[in-house]
Amino acid sequence: MGVDIPTEALTYGEPVQQVVVEQCVSKSADKHNFDPILLLAILDVEGGNKGAVIRNSSNGSHDLGPGQINTIQFKERWFKKEYPNITWQQLSMDVCLNIEVAGRVLKQRLNELKPNQSFWNAVGNYHSKTASYKLIYLQKVMKAYRIRTEHEGGGFKMSWTESNN
């Protein structure tokens, strides 16, 4: 059972001020215990906006808001448990909620890693578990991450631990 979104709801939305994005990312990264620059790099690549509702012609799902949260997430058990009453409209329009869920999707992909898998595999799985799509996406996120860390004057800094779920 998919999320029913009418065609007239499709929109690219409106840009969000970077300071708002950074505040929301900081909250999400603190809650889920990972490097906020990583989530900012993911958002850079996703390129979503507040109110965005974009249909994926390949499978009929939709990408929502700044984090381009795919409506396929609504079917996942963890999503149903943690966000039982969330609507696609809320996820599209509420910037901090969208970024909180983006952080939770990333955390879920990290939790799904098998022993000896790189966290970059989880980053790629944020977008797609299909190898060819994942690799292209991952290259873009790695570049965005490198640019952001160089700009911030920092370096590579992953901060989560395996005990965080």
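Residues are numbered from 1 along each chain as its sequence is written, and side-chain values use heavy atoms, with hydrogens and water left out. Because the model is predicted, local features need pLDDT of at least 70 and side-chain atom pairs count only at pLDDT 80 or more, whereas totals for chains, interfaces and linings use all residues.

Aromatic pairs were assigned between rings of Phe, Tyr and Trp (its six-membered ring) with centres within 6.5 Å; planes under 30 degrees apart count as stacked, over 60 as edge-to-face and the rest as tilted. By this rule there are six aromatic pairs. The ring centres of Trp78 and Phe79 lie 5.7 Å apart with planes at 75°, so this pair is edge-to-face. In the pair of Phe119 and Trp120, the centres are 4.5 Å apart and the planes are at 35°, so the pair is tilted. Accessibility was classed as buried (under 20% relative accessible area), exposed (over 50%) or partly exposed (in between), with a 1.4 Å probe and protein chains only. Trp78 is buried at 9% relative accessibility, as is Phe79 at 1%. Phe119, at 14%, counts as buried, and Trp120 is buried at 15%. One aromatic cluster is formed by Phe74, Trp78, Phe79 and Tyr83.

Pockets were located on a 1 Å grid over the protein atoms alone, a pocket being an open set of points where a 1.4 Å probe fits, with protein on both sides within 12 Å along at least five of seven lines; lining residues have an atom within 4 Å of a point. Grid points are joined across faces, edges and corners, and a volume is the space filled by probe spheres set on the points. The largest pocket has a volume of about 680 Å³. Its lining comprises 25 residues, of which Asn56, Asp63, Asn70, His127 and Ser128 lie nearest the centre. Helices (H or I, at least four residues) and strands (E, at least two) are DSSP runs, numbered from the N terminus. At least two lining residues come from each of helix H2 (36-46), strand E3 (69-70), helix H5 (95-111), helix H6 (119-127) and helix H7 (131-152). H7 gives the most, with four residues.

Helix H6 is mostly covered, with seven of its nine residues buried. These are Phe119, Trp120, Ala122, Val123, Gly124, Asn125 and Tyr126. Their cover includes H2, E3, H5 and H7, where contact means heavy atoms within 4.5 Å. At the N-terminal end, Ser118 caps H6, with a side-chain oxygen 3.0 Å from the backbone nitrogen of Trp120.

Positive phi values occur at Gln68 and Asn116, neither of which is a glycine. Gln68, in the loop between strand E2 (62-64) and E3, has phi near 50° and is buried, with a relative accessible area of 9%. Asn116, in the loop between H5 and H6, has phi of about 75° and is exposed at 84% relative accessibility.

Gln90 is located in helix H4 (residues 88-93) and is partly exposed at 38% relative accessibility. Residues up to four places away in sequence aside, Gln90 touches Asn85 and Leu97. Gln90 and Gly51 are 39 residues apart in sequence, with a C-alpha to C-alpha distance of 8.8 Å.

Methods. A polar contact is a pair of N or O atoms within 3.5 Å; within protein, one must be able to donate a hydrogen and the other to accept it, and residues adjacent in sequence count only if both atoms are side-chain atoms.
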